[in-house]
Structures are given as structure tokens and as C-alpha cells.
Amino acid sequence: MLIPNTNKEAMASRGVFEFLIGGLATCGAGFFTNPLEVVKTRMQLQGELRAHGQYAVHYRNAFHALVTIAKNDGLLALQSGLVPALWYQFFMNGTRLGAYQVQVNMGLTKNSNGQHSFLRSVAAGAFAGCIGAIVGSPLYMVKTHLQSKANKEIAVGHQHPHESMSHAIKSIYKDHGTFGLWRGVSGAMVRVTVGSASQLSTFSFSKNFIQETKIFTPNSFLSTLSASMVSGIFVTLFMTPFDVVSTRLYNQPFTQSGHGAIYSGVTDCFLKIFRSEGLWGFYKGWFPSYLRIGPHTTISLVLWDEIRKLYNTRTAKLVSTET
């Protein structure tokens, strides 16, 4: 590995590195948690804009949903949308985590006294999440379409006839152009902004707090693990309502003019869900969401933090050798 000769080269190299480890870490987590993402997506679409008791319940809970999907659609259906899901994780979270860490490296999450600032971390996480959502939006749309696709006996929500990720992208582009690939991004921006702000701020705050208590040895893996578990709880609590809205916006059919056939936008979707399904409508699929977000947050943040430690250690050794 070459050591950059200038500060600009060092910053560029570091920025690329932050993007790569952010993407790779979340891809690793995404592979194991995708079946729960499939379950979560279908439960969020179940009973769309219908009051409780006025629709068929195909998925009673997370475990029942896993069994039902495997029985009716086959075991491989539990990994529906895996390819776009992994690409989404790589590009969205690579951008999100990379952008956040760059802000940390620049000292933007610290106050004038050089101490960690919770509010600055929230702002940095929100900004990074917003950028990541825009980058990954087309892949999230395709992922949602493929994950909701099911046999008619257990189908929920609008069914898109996509055969694969490439087929979906070509079909959407053919019917609605480039803009169509980013349709629904407004819901994703809110979703990821809230999720990123709550995840990264609570992770950073919890990790700093745990390290200050000196319960574990300095730079311990257990500090990262504990902080990520705390973070997962807050992410599920704050992000689930926006996750439901985002899923509905992405999965809805569109008119020939390119407008949503069910929802005109984020606000309209919120109002219609509340009027038809009540407050609980915003927390459909919350348990599989936590089962997914908890391990996903833990695995991705632990990998993200540990890979960076290895990189920093390796870079320090190379610098020492050069000098």
C-alpha cells in the first residue's frame, strides 16, 4: 500500500476507504438479514389502507411469515431481492457511513471544546443519511418490488412483474424514464435521514459513554457490540413509521402519466395510513423490523468499526516503516 504524499491525496484516499468499508460492512450484514427484510416488507403491505379485521391476514407474525413464504413461494423466496438489496447496502450505506465518518474525521461532530457533541452527531448522521438515500433509491425500489412479489394465495400490495434486478431497471426506465428510477425517493430520504440520525448518533454517544466507564478494555470489541445493540433499539423505534411509508410509496403502481396511483407523496401517504389503519398502521412489521435492524445494525457497525481499526493499525505501521 502506498502512503499518500500530500494532504489532498491522503484525504481522497481516506474518503474512498470510508466508502468501501461502509459498503462492505453493511453488505455482510445484509446477506444474513435479508429474509427478515422480505418478511418486514410483506407485513408492511398487508392490509394496505384497510382497517383491522377487514383484510385477510396471511402473515400473523415474523415466524409465521417465514414459514408461510417458504411453504408457498419456496425457500429461495426468503432471499427475494437479495441482489438489489446487497447493491443497495453497498451504495447507500457506503455513501452514508463514509460521509458520516468523513465528518467525524474533520471534527464536525465535536463542539468548540473538542468534546463529542450529540446534536452535531445527529445533524451529521441526518445529512449522511439523506445523501445515501438519494444514491441508493433505485435499488431500494427494485428490492421492494421483488421482495413483495408472491404467489396469489399470499400476495399483498401491488404485484410488479419483474423477473430480476436488471429486468426491473430496464422496465422502469422504459416506462417512466430516468425520473421513474428515483420515484419514491422523497419517502426514502425521510426514512434514511431519521434512521441514520438515530443510529449513528446513539451509536457514537453510547460507545463514548461505555468507553468512559472503562467497563471494557480500551478499543474493545465489546464496547462496539454494546453500543450497536443500543443503537438498534432506537433505530427501530424512530424509523419504523417512515419505513412503512417508504415501502408503500415505492411499491404502489403508477399511472401512465407517471403519478402514484395510490399516494401522491409522503404527506398524503401518512394521512391515508392514519385515517384507514390508525396509529398501529405505522408500526406494521415492527417486530421483524427489529429482528432485522438489531442484528443488521450490530453486524454492520461492528464490522465497520473493526475494519477501520485494522486499517488504522496497518497505516500506522506503514508510516512508521517509511520514516
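Trainee: What makes F205 partly exposed, rather than buried or exposed?

Mentor: F205 has a relative accessibility of 44%. Buried means under 20% and exposed means over 50%, so a value of 44% puts F205 in between, as partly exposed. Keep in mind that this is a predicted model.

Trainee: How do you know which class F118 belongs to?

Mentor: The relative accessibility of F118 is 36%.

Trainee: Why is S117 called buried?

Mentor: Its relative accessibility is 14%. The cut-off for buried is under 20%, so S117 qualifies. S117 sits in the loop between α3 (82-105) and α4 (118-148). Leaving aside residues up to four places away in sequence, S117 touches T109, K110 and N111.

Trainee: How many aromatic pairs does the structure hold, and why is the pair of W87 and F91 given the type it has?

Mentor: There are 11 aromatic pairs. For W87 and F91, the ring centres are 5.7 Å apart and the planes are at 20°. Centres within 6.5 Å make a pair, and planes under 30 degrees apart count as stacked, so W87 and F91 are a stacked pair.

Trainee: What type of pair do F118 and F205 form, and how do you know?

Mentor: Their ring centres are 5.6 Å apart and their planes are at 75°. Over 60 degrees counts as edge-to-face, so F118 and F205 form an edge-to-face pair. F118 belongs to helix α4 and F205 to helix α6, so this pair ties together parts that are 87 residues apart in sequence.

Trainee: Which residues form one aromatic cluster?

Mentor: W87, F90 and F91 do.

Trainee: What is the volume of the largest pocket, and which residues are closest to its centre?

Mentor: The volume is about 500 Å³. The lining has 18 residues, and Q101, V104, K207, N208 and D305 are the closest to the centre. At least two lining residues come from each of α3, α6 (185-213) and α9 (286-322). By class, four are nonpolar, nine polar and five charged.

Trainee: How many cavities of 30 Å³ or more are there, and what makes a space a cavity rather than a pocket?

Mentor: The count is one. A cavity holds a 1.4 Å probe that cannot get out, whereas a pocket is open. The largest cavity has about 310 Å³ of space. Its lining has 25 residues, with Q89, N93, R191, R292 and H296 nearest the centre. α3 gives the most to that lining, six residues. The lining divides into eight nonpolar, 12 polar and five charged residues.

Trainee: How do you know whether the span of α6 is close to the expected one or far from it?

Mentor: α6 has 29 residues, and its first and last C-alpha are 41 Å apart, against 42 Å expected at 1.5 Å a residue, so the span is close to the expected one. Just after α6, K214 has a positive phi of about 60°.

Technical notes:
Residues numbered from 1 in each chain as written. Predicted model: local features only at pLDDT ≥ 70, side-chain atom pairs only at ≥ 80, totals over all residues. Heavy atoms only, no water. Helix = DSSP H or I, 4+ residues; strand = E, 2+ residues; numbered from the N terminus. Buried < 20%, exposed > 50% of the residue type's maximum accessible area, 1.4 Å probe, protein only. Contact = heavy atoms within 4.5 Å. 1 Å grid on protein atoms, 1.4 Å probe; cavity = no way out; pocket = protein on both sides within 12 Å on 5 of 7 lines; lining within 4 Å. Points joined across faces, edges and corners; volume = space filled by probe spheres on them. Nonpolar A, V, L, I, M, F, W, Y, C, P; charged D, E, K, R; others polar. Phe/Tyr/Trp six-rings, centres within 6.5 Å; stacked < 30°, edge-to-face > 60°.
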